[in-house]
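The sequence and coordinates come next.

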Amino acid sequence: MHLPIKLTACAVLALTTAATAQEVTVASWGGSYQAAQSEAMFKPTAKELGITVKEATLSGLADIRLQVRSGAVEWDVVDLGATDCAIGAREGLFEKLDYSVIDAKGIDDKMVNDHWIGVIYYSTVPAWNTKTVKAGPQSWADFWNVKDFPGDRSLRNRPQVMLEMALLADGVAPKDLYPLDVDRAFAKIEELKPNIATWWESGAQSVQLAKDGEVDMIAAWDGRLAAAIADKAAIDFTYNEGLLNADCLAVPKGAPNKELAMKAIAKFVSPEQQAMLTQHISYGPVNVRAFETGLIPEEAQSKINTFPANLEKQIVVDAEWWGENGNRMRERWDSMIQR
Amino acid sequence: MHDMTACQRGHTLNRQELAADERREKRQILGLSLPAAAIILVLLVIPVGWLFALSFVSNGEIGLANYTRMVEYSAYLSIFSTTILVSLFVTVLCIVLGYPVAYLLGQLPPRLATIGLAFVIVPFWTSILVRTYAWLVILQRQGIVNDALIGIGLIDEPLRLAHNLTGTIIGMTHVMLPFLVLPLYATVRNIDGDLMRAANNMGASPARAFRDVFLPLSMPGLIAGSLLVFILCLGFYVTPQILGGGRVIMVSMKIQQNVQTYFDWGAGSALGVVLLLIVFAIFYLVHRLAGLDRIFAR
């Protein structure tokens, strides 16, 4: 009677120890983005390295701050907006990346940092519901113009990128954007506040709001919008004045499987997986060598946000400015929303 | 004579035995309530005390910074006033909607009342999250309510029912209603029907009998229910978060933000302490006006 139980207990124990030794947990943003990452990056990496890649979802830097500061780190690799990576690096929330394992060739220097590395480019663009809006806004000035473009708006409940947007709407030239004129930006946001029906919190929610016609116009992320449009949602968007920002990968300080995390990141930013990602979601690869792999069909290239014709319409967000000012802006933003 | 002393001795013996019995019983009861007391101490008193202590720590320094911030920034004032106003409004709505239900249930024969009560309790068994998302589907711009109203030509433009104060209050009222109906029903059920008949016999109109006899007798249940609803509302998080569209900020949401976004336990604790003080103040006020012992003794 006792022997089989003991044996199975032993087997289970052996299995779990083996699993924890060869396991890496990646936290990303859920929805169509993470589904794409899972297909193009997580599953192939698990196969190639012979490990288990466990997935989790996060809602931003705060989750990592909570885990690191309370000493209960569960995730080995996290996917964040580059602005958040810059903030987190300053706060000492990340491990140093091991560039003897990660090959950063083909990635813009600005996206290769001691503590984080870019993974994709995404763009925050003006989008609208095609059922309720006949002619959509073609610039942020249009988005702010409630007279000629009547309807409910939605912005993300974060200062990042929203301040840039407000300044562009107020007539600041893209080249003069940084350092941001913060007072002017907040004044412009206050101006639109009565027309903001919802401040969205998660990417999935933003698409839902646009798709259901809950709002007429929204500033949202291009890849998710494109995925919804491919799914026959009544949404359209433009790359005009889209704000191009990167998502980055980092390893939270005290991550349980640090070394394996470096190997996984090396795979995620490799030209092959970078190219494969674009087949699942139209986010731009940070590794330009992805275009040399022959894995991205010609007709698909024009849909990618870093494709030259799209790129020239957009403005690149300065992650370092946010690294320096992000926390201060967040406090001011919250008190503006809550007043 | 001999008999008397035996009897007396018997009495003393009896008294001693009874006293010993009583002591034993007291010890047993104390022993039985010890685990519960320990749980309350470990899970409630100690953590709340710890948070209370934390609320005086800001950036590693001991002081009142977490409390002075609430006075200095206008955002805090508006968060507290939103919280209290929303809670008051929801409580009033629950009374208006819940009183007739409890009254009706009280008049029904027991079997029907049980069925009616089941309708009040069933929503309790559904997750609050599910119910709140259901309201989002019902109330949103292209939701059931707006579609129906436009369909019958009552309105041309969809009403803004979700992602704002309206949606928050509708959702919260729905969640809170049973908390008012149940204690009220318990009180109403025990009101002697003969009292109303007596009032009628004395010539009181039904309205007068209700006002002067039924209503005062139902007061303890009504106050207990309202108090429960109001206090639960003060700490409400899920429904305003989902139905408020980021525009209705209640204290609980600010606490969550302080802890999660800024990792500032001190600031979050201070808000919690103020909320707790508000609850105590309300209890005290109700006690002075109505007598808590009377309300909860029933």
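What distance, taken over C-alpha atoms, separates the centres of domain 1 of chain A and domain 2 of chain A? In this predicted model, the separation is 25 Å. Each of these domains is assigned as two segments: domain 1 of chain A covers 17–121 and 245–311, and domain 2 of chain A covers 122–244 and 320–338.

The contact between these two domains takes 21 residues from domain 1 of chain A and 21 residues from domain 2 of chain A. On the domain 1 side, two helices and two strands of chain A each give two or more residues: helix H2 (31–49), helix H4 (82–90), strand S4 (117–129) and strand S9 (243–250). H4(A) provides the largest share of that side, with five residues. By class, the domain 1 side holds nine nonpolar, 10 polar and two charged residues.

Chain B is also assigned two domains, domain 1 (1–41) and domain 2 (74–297).

| Domain pair | Distance between centres |
|---|---|
| Domain 1 and domain 2 of chain A | 25 Å |
| Domain 1 and domain 2 of chain B | 46 Å |

The contact between the chains takes 17 residues from chain A and 17 residues from chain B. On the side of chain A that touches chain B, the elements giving two or more residues are helix H3 (61–69), strand S6 (196–200) and helix H14 (319–338) of chain A. The residues on that side of chain A are five nonpolar, five polar and seven charged.

Conventions: Residues are numbered from 1 along each chain as its sequence is written. Chains are lettered from A and ligands numbered from 1 in the order in which they are written. This is a predicted model: local features need pLDDT of at least 70, side-chain atom pairs count only at pLDDT 80 or more; totals for chains, interfaces and linings use all residues. Domain bounds come from an automatic or database domain assignment. Two residues are in contact if their C-beta atoms, placed from the backbone, lie within 7 Å. Helices (H or I, at least four residues) and strands (E, at least two) are DSSP runs, numbered from the N terminus. Ala, Val, Leu, Ile, Met, Phe, Trp, Tyr, Cys and Pro count as nonpolar, Asp, Glu, Lys and Arg as charged, and the others, Gly among them, as polar.
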